[in-house]
Amino acid sequence: MTGPAFDDHHPPSADLLDDCVHCGFCLPTCPTYQLWGEEMDSPRGRIYLMGLGVEGEPMTPEMVQHFDACLGCMACVTACPSGVRYDKLIEATRAQVERRHPRSRRDRLLRRAIFSVFPYPRRLHALRGPLRAYQASGLGGPVRRVLGRAFPRLAALESLAPPLGRFQRVPERIRARGTRRGTVGMLLGCVQREFFPGVNAATARVLAAEGFDVVAPAVQGCCGALSVHNGREDEAQSFARKLIDVFDGSGADWIAVNAAGCGSAMKEYGDLLADDPAYAQRAREFSARVRDVSELLAEQGTVARRHPLPVTIAYHDACHLAHAQGIRSQPRRLLRDIPGLTLREIPEPEICCGSAGIYNILNPGAGGDLGERKARNVLVTGAPLLVTANPGCLMQVAAALDAFGEPVRLAHTIEVLDASIRGLPADGVGWARSRRHAPHP
């Protein structure tokens, strides 16, 4: 396009851009730089391109290609000794790209399809029946091979779906067990609610066992994480307002989240709605109550008895939990408190698994390479169970492990805690893509 790359509506901050001294500490942690060794596909390279845009250079397709290639994993934010807020810079840039860059017809149609379904739980729920029938048909392998040759993005989407079992609905109100310690509003999510309902059921049980009343309004919708991380600012703001409205008046002391990407977005509502006089203060107050469920339990302390769970696990840091929210020690501490459990660390923990919201669908080549790299590192640990805290990571790593034919099971952190509190057997925790290996989500 002609004219400057960025308009006047919240372009990347020149002050934040100037914080980067191009030292290179970000390079070893950047997934795309690790894949390709291309300077413009590193954080400092993208910051250089952003600087050109701020100076008035036009937004070229090549520039957009480098921005689109970023996973938004925020590992560079953790690694940066200068405290560069790359997270703020890339989100501002993506909003500009979304408004000002004309995409191809095929790209527009795919993105429209994704954002017409994924952020809407009822629409996702309508897909459960047909998807279960398809999974039971045994057609997955042949369909995947055909799609892989002609439509790699659709093949990536098909390969990610976890095996679907019985749907579990979380009651709107659950009373605390034992001494009541407060009220927790619970985000049900979109993909989490429909593809991993067992995670939500386990979250509600653990919170109640730990002495919290749980409020989980059925009318709640998407938190807007996918939208804000892909530059769809107006859409993200609309989702955020609706979610704030739902939980206002619920009496919740905290809002618990069990999906890392959702939690990181909800903690930034104050920035997302800063220009809205009707919601700016409400958004800041709402964000101040948001906690990842592991963060909340570590912060408030645990009281429910843990039964022994003799299992060895590998713990995977979800990027939007470790890098975006800075939550690393809390889930590890909660897991290590379980008698009989052994936790093993995964090599290259800072490198993204390639999920990154919908990145693995929009960029199946890079996403697949990173998924394979993560799967190899998981297998190095020898652990039979992989534990993490994000539905996207669970689907991505499951698909990668499935390609290796390895019987590694997967579970959300909260499912492991739930199994210990309930005294369940270790071999019943988790699931695998192959139905012969473990229960379904």
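D107 is buried in the predicted model, with a relative accessible area of 10%, where buried denotes under 20% relative accessible area, exposed over 50% and partly exposed the range in between (1.4 Å probe, protein chains only). This residue forms a salt bridge with R103, the closest N and O atoms being 3.4 Å apart, and R103 is likewise buried, at 13% relative accessible area; a salt bridge is taken as a side-chain nitrogen of Lys or Arg within 4 Å of a carboxyl oxygen of Asp or Glu. The model being a prediction, local features require pLDDT of at least 70 and side-chain atom pairs pLDDT 80 or more, whereas totals for chains, interfaces and linings draw on all residues. Residues are numbered from 1 along each chain as its sequence is written, and side-chain values rest on heavy atoms, with hydrogens and water left out.

A second salt bridge joins R332 to D317, with the closest N and O atoms 2.7 Å apart. Because R332 belongs to helix α20 (residues 329-336) and D317 to the loop between β6 (311-315) and α19 (319-322), the pair ties together parts that are 15 residues apart in sequence; helices (H or I, at least four residues) and strands (E, at least two) are DSSP runs numbered from the N terminus. Both R332 and D317 are buried. Through shared partners, salt bridges also unite D68, R103, D107, R111 and R153 in one network, and a search of the whole structure finds 27 salt bridges.

D271 and K88 form a further salt bridge, their closest N and O atoms lying 2.4 Å apart. This pair links distant parts of the chain, with D271 in helix α16 and K88 in helix α6, 183 residues apart. D271 counts as partly exposed at 49% relative accessibility, and K88 is partly exposed at 26%.

The second largest pocket has a volume of about 720 Å³, a volume being the space filled by probe spheres set on grid points joined across faces, edges and corners. Of the 28 residues lining this pocket, K88, E91, V228, D271 and L272 are the closest to its centre; on a 1 Å grid over the protein atoms alone, a pocket is an open set of points where a 1.4 Å probe fits, with protein on both sides within 12 Å along at least five of seven lines, and lining residues have an atom within 4 Å of a point. Helix α6 gives the most to the lining of the second largest pocket, with 5 residues.
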